[in-house]
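Colleague: I am new to this structure and would like to know what the labels rest on. Please take me through them.

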Amino acid sequence: MVNGDRSSKGRDTAKPNPSIASFSAQLTHPHHRQMFEYWLGKFVGSVPPPRAAIDPIDIPPAILPWLVLYTVHWVSDQKGSDRPRFQFRLVGTSVVQRYARDSTGKYFEDVYDSATYPRMMAAFSDVALNCRPAYAQLQMPVPGRDFIPYERLLLPLAGEDGRVEAIIAVMAFKPN
């Protein structure tokens, strides 16, 4: 949680953590910078916005095809600790075309192979558990081809209880 606050108390007086506010300095793609600024502008005090605060009408139309929305389901593990489970809620049309699949409605374990699943879980779990954005430059494996370089921005959306209820990803692929 931003500033370590897991409750909704003090939402009106606090500000986003300075490290969150300066996060955009590492973003190189204009879509990432635009989406980050939009997300940052939707903060309620020190808490990232809820999913309901994100209005697709306000997002620049050029970003929408590259956006993926994930629902975060909190499940108890064998030790009684909550852990996140991620479900594709919405996958933008350009992302579907790039990956040659529509994963809408599926869970990570249904989509990713045994080599990719742990990396994806680690990256998304860090965002969900710490309620902070993440940016990465990655390579997507393509059968019969070299890897395709891309950049990914992950932005948490907080629920009523302060826990992450969803994550927005914005993908930016390098030209082929």
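Colleague: Which residues does Phe88 touch, leaving aside those up to four places away in sequence?

Modeller: In this predicted model, Phe88 touches Val68, Leu69, Tyr70, Ser103, Thr104, Gly105, Lys106, Phe108, Val111 and Tyr112. Contact here means heavy atoms within 4.5 Å, so each of these residues has a heavy atom within that distance of Phe88.

Colleague: Which members of the largest nonpolar core touch the most other members?

Modeller: Among the 26 residues of that core, they are Val68, Tyr70, Phe86, Phe88, Phe108, Phe124 and Ile167. At least two core residues come from each of strand 1, strand 2, helix 4, helix 5, strand 4 and strand 5. A second, separate core has 21 residues, including Phe36, Trp39, Leu153 and Val170.

Colleague: Which residues of helix 2 are buried?

Modeller: They are His31, His32, Met35, Phe36, Tyr38, Trp39 and Leu40. Buried means under 20% relative accessible area, so each of these falls below that cut-off.

Colleague: How do you know that the length of helix 2 agrees with what a helix should span?

Modeller: Helix 2 covers residues 30–41, and at 1.5 Å a residue its 12 residues should span 16 Å. Its end C-alpha atoms are 16 Å apart, so the two values agree.

Colleague: What makes the pair Arg163 and Asp82 a salt bridge?

Modeller: Their side chains meet at 2.6 Å, N to O. The cut-off is 4 Å, so the pair qualifies. Arg163 lies in the loop between strand 4 and strand 5 and Asp82 in strand 2, so the pair ties together parts that are 81 residues apart in sequence.

Colleague: Why is Arg163 called partly exposed?

Modeller: Its relative accessible area is 24%.

Colleague: Where do Glu109 and Arg85 lie?

Modeller: Glu109 is in helix 4 and Arg85 in strand 2, 24 residues apart. Their side chains meet in a salt bridge at 2.5 Å, N to O. Arg85 has 27% relative accessibility and counts as partly exposed.

Colleague: Which stretch has a pLDDT below 50?

Modeller: The chain averages a pLDDT of 85, and 85% of the residues score at least 70. Over residues 1–15 the pLDDT is below 50, although this stretch has 35 contacts in the model beyond near neighbours in sequence.

Notes:
Residues are numbered from 1 along each chain as its sequence is written. This is a predicted model: local features need pLDDT of at least 70, side-chain atom pairs count only at pLDDT 80 or more; totals for chains, interfaces and linings use all residues. Side-chain values use heavy atoms; hydrogens and water are left out. pLDDT is the predictor's confidence in each residue, from 0 to 100. Helices (H or I, at least four residues) and strands (E, at least two) are DSSP runs, numbered from the N terminus. The expected span of a helix is 1.5 Å times one less than its number of residues. Buried means under 20% relative accessible area, exposed over 50%, partly exposed in between (1.4 Å probe, protein chains only). A nonpolar core is a set of buried Ala, Val, Leu, Ile, Met, Phe, Trp, Tyr and Cys residues joined through side-chain atoms within 4.5 Å.
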